[in-house]
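Student: I'd like to learn how to read helix packing and ring pairs. Can you walk me through an example?

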Amino acid sequence: MKKTVPLVVGNWKLNPVTMSDASDLAQATARKHRKTSDAYVAIAPPATYLAEAGKKICKSTVSLAAQDVSVNNMGAHTGEVSIMQLRDLGVEFVIIGHSERRAAGETNEEVQKKTLIALKHRLVPIVCIGERERDDQGNFFTFIEKQLRSLGKVLTSAQIKKAVIAYEPIWAIGTGDTATADDVKEMQLFIESVLTKIYDRPTAKSVRLLYGGSVKPGNAAILHTEGGMKGFLVGGASLKVDDFAAIVKAVS
Ligand code: PEP
């Protein structure tokens, strides 16, 4: 993937309810992205729909992403989905450490393990970080730094360059309360400064950063042009084909 080309990933979360609707959504999304545009596009349906979505997008430029992965590769781990199973389905990206997974108990240690597993099996990990709330003293920066340093403990420079970091402030996810372009720009510079301390400047500059949190057609262009990140992780708007296409267009 060329680092200069933006990436837009649609996280369907636990939607839709039926295979038939998932199939239609994947097909409609694929139709909107038949030809190569100036952006990479991926969709992350629930694991139960990955195979069907994979069939629907195969003639388009849309890639497949998973919403999570097990830390285990096979064996007695009821209810989990392994990286090898994802690979076998043609999945190229895996979202790791989404705030909704962290709220369900996922730890930084599990995020470390999952990121390493994804990289080992040549999937691109999209590691989510983000603060629950903002405070006037700027303590949220310390929180973000801690999440980045946790990754820095286990990933080499070569590995972090292959990962994607999605900055998703929890207060902006699904709330309609988007970060401003200035907030996003400030965070881009902050993340790069932390990565520079952990690694070095060239490494920091080559890690792809995404913004996520109530991205919509109406705010995508300004967040992209002034926010300074290299794409978006989109939740709710990825379930609306036209909205998702408009967001992709805004970064293209
Ligand atoms: C998300 O779930 O990662 C997300 C950013 O959701 P939304 O776009 O709905 O805020």
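Tutor: Start with burial: buried means under 20% relative accessible area, exposed over 50%, and partly exposed in between (1.4 Å probe, protein chains only). This is a predicted model, where local features need pLDDT of at least 70, side-chain atom pairs count only at pLDDT 80 or more, and totals for chains, interfaces and linings use all residues. Residues are numbered from 1 along each chain as its sequence is written, and side-chain values use heavy atoms, leaving out hydrogens and water.

Student: What are the buried residues of α6?

Tutor: Helices (H or I, at least four residues) and strands (E, at least two) are DSSP runs, numbered from the N terminus. Helix α6 covers residues 139-154, and its buried residues include F140, F141, I144, L148 and L151. Why that sort of spacing? An α-helix has 3.6 residues a turn, so residues three or four places apart point the same way.

Student: How many aromatic pairs does a search of the whole structure find?

Tutor: Rings of Phe, Tyr and Trp (its six-membered ring) pair if their centres lie within 6.5 Å; planes under 30 degrees apart count as stacked, over 60 as edge-to-face and the rest as tilted. The search finds 3 pairs. One of them, F141 with F190, is tilted, at 4.7 Å centre to centre and 55° between the planes. It joins helix α6 to helix α8, 49 residues apart. Both F141 and F190 are buried.

Student: And Y167 with Y211?

Tutor: Their ring centres are 6.3 Å apart with planes at 50°, so that pair is tilted. Y167 sits in strand β6 and Y211 in strand β7, 44 residues apart.

Notes. Expected span 1.5 Å × (residues − 1).
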